[in-house]
Amino acid sequence: MRAAVLHETGQDKLEVLDDVEAVGFGPGKVRVRVRATGLCHSDLSAMNGVLPQPAPFVPGHEGAGQITEVGEGVTHVKPGDRVVICWLPACGACPSCKRGQTELCLAGFMNAGTPNFKRPGGDVFGFAGTGTFAEEVVVAAGCAVPVPDDVPFDIAALIGCGVTTGLGAALNTADVEAGSSVAVIGCGGVGISAIQGARLKGAAEIVAVDPVASRREAALGFGATRAVSPDELADAKQSVTAGEGFDYVFEVVGKSATARTAYDHTRRGGTLVVVGAGAMDDFLQLNMFELFFDEKRILPSMYGGGDVLRSYERTIALWRAGRIDLESLITHRVPLAGINEALDQMRSGTALRTCIEI
């Protein structure tokens with residue numbers, strides 16, 4: 001089968017090969033024919049080594065497809081079912097799951113260290129234990145979440161990561177208060193989803209912050225009340241909040257510099273929500289006096305900060321009701337053979353989400 005492979009961490013191009021085989025099928029596993037997958041910035045972060053991932057590997061973790069085969073003991077899906085690939089399934093038994101914090105379950109991360117593809121030259125890993133830049137993938141049954149047949153594959157793929165992460169940051173982690181002021185730094189697919197979440201919660205002012213003009217323009221169509229470049233953020237803080245700072249600031253870039261900017265533009269007693277996935281050697285510096293004196297809440301948001309399955313259901317319900325726009329998030333489409341074009345679109349900021357049609 002065909003799959004896009006990164007041979008070594010640090011390479012900026014993927015090679016689409018036709019000699020890759022999905023392996024590991026057996027009890028408790030399912031085989032999925034991937035139909036659509038989104039390109040998430042986390043895929044780039046794994047490629048360049050910001051996020052740890054053994055190589056060689058097949059990137060992609062935001063995917064949807066159809067079940068073609070189920071292993072012994074799998075009862076919640078059957079061949080032909082439409083599914084979203086969940087890269088962070090909950091085991092249901094660990095302390096985090098028992099506390100109801102299923103997004104902190106580590107079972108899914110354990111999958112990342114087990115090869116689920118192979119080539120004549122040896123084993124190949126799947127990013128985050130999945131690897132959806134492939135025609136087929138074998139995953140643990142919990143990674144395959146059934147969705148109704150009226151949800152198109154491209155929309156279902158977005159729900160698998162970016163939309164769930166951004167919406168959840170606003171709805172679950174921050175629980176944005178109606179009438180509040182919000183700034184979102186980084187307006188790709190995840191940031192736009194956070195904007196939609198803040199709009200749903202009734203935020204009065206939502207300022208979108210991004211260096212790319214096309215993304216700023218797009219943000220206005222998704223609910224932002226104004227859109228500014230990073231060097232205009234201070235002026236927006238002054239005009240929107242009289243210089244006090246925003247009630248909520250979402251950092252959706254994953255860098256200490258933007259997290260520091262987000263902190264500085266959050267009002268005293270306000271909330272900074274860290275959504276972007278950053279590097280382990282990139283440190284955010286805060287002095288102990290400001291940490292105590294400003295009483296700002298710093299809330300990391302992992303995969304939307306809530307129960308993933310419930311979040312999927314909620315997202316589908318909101319989309320069906322016309323309360324959120326998912327179709328317009330997909331600004332570009334390419335076949336698997338054009339995956340490197342999609343990478344360029346992500347790096348340049350020209351795409352909110354590129355759908356790879358497989």
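**Reading a sheet and its cores**

Visitor: Which residues is isoleucine 195 in contact with, leaving aside its neighbours within four places in sequence?

Guide: This is a predicted model. In it, isoleucine 195 is in contact with Val184, Cys187, Ile206, Ala208, Ala219, Phe222, Gly223 and Ala224.

Visitor: Why look at nonpolar side chains as a group?

Guide: In soluble globular proteins, they tend to be buried together. Here the largest nonpolar core has 99 residues. Val30, Phe133, Val182, Ile195, Phe250 and Ile356 touch the most other members. At least three residues come from each of domain 1 (3–161 + 306–357) and domain 2 (166–300).

Visitor: What is the strand order in the open sheet of six strands?

Guide: The order runs E14-E13-E12-E15-E16-E17, and the pairing is parallel. Strands E14 (226–228) and E17 (297–300) stand at the edges with a single partner strand each, so one side of each has no neighbour in the sheet. On average, neighbouring strands are turned by 20 degrees against each other, direction ignored.

Visitor: How many bridges join E12 and E15?

Guide: Four. E12 covers residues 181–185 and E15 covers residues 246–251. Isoleucine 185 stands opposite glutamate 251 in E15.

Visitor: Which strands does helix H9 touch?

Guide: Helix H9 (residues 256–264) packs on the sheet and touches E12, E15, E16 (266–274) and E17. Its direction makes about 150 degrees with that of E16.

Visitor: Where does helix H6 lie?

Guide: Helix H6 (residues 189–200) lies across E12 and E13 (205–209). H6 runs at about 175 degrees to E13.

Definitions and conventions: Residues are numbered from 1 along each chain as its sequence is written. This is a predicted model: local features need pLDDT of at least 70, side-chain atom pairs count only at pLDDT 80 or more; totals for chains, interfaces and linings use all residues. Side-chain values use heavy atoms; hydrogens and water are left out. Two strands pair if DSSP finds at least two bridges between them. Helices (H or I, at least four residues) and strands (E, at least two) are DSSP runs, numbered from the N terminus. Axes are lines fitted to C-alpha atoms, for helices over the stretch in contact, and angles run from 0 to 180 degrees between N-to-C directions. Contact means heavy atoms within 4.5 Å. A nonpolar core is a set of buried Ala, Val, Leu, Ile, Met, Phe, Trp, Tyr and Cys residues joined through side-chain atoms within 4.5 Å. Buried means under 20% relative accessible area, exposed over 50%, partly exposed in between (1.4 Å probe, protein chains only). Domain bounds come from an automatic or database domain assignment.
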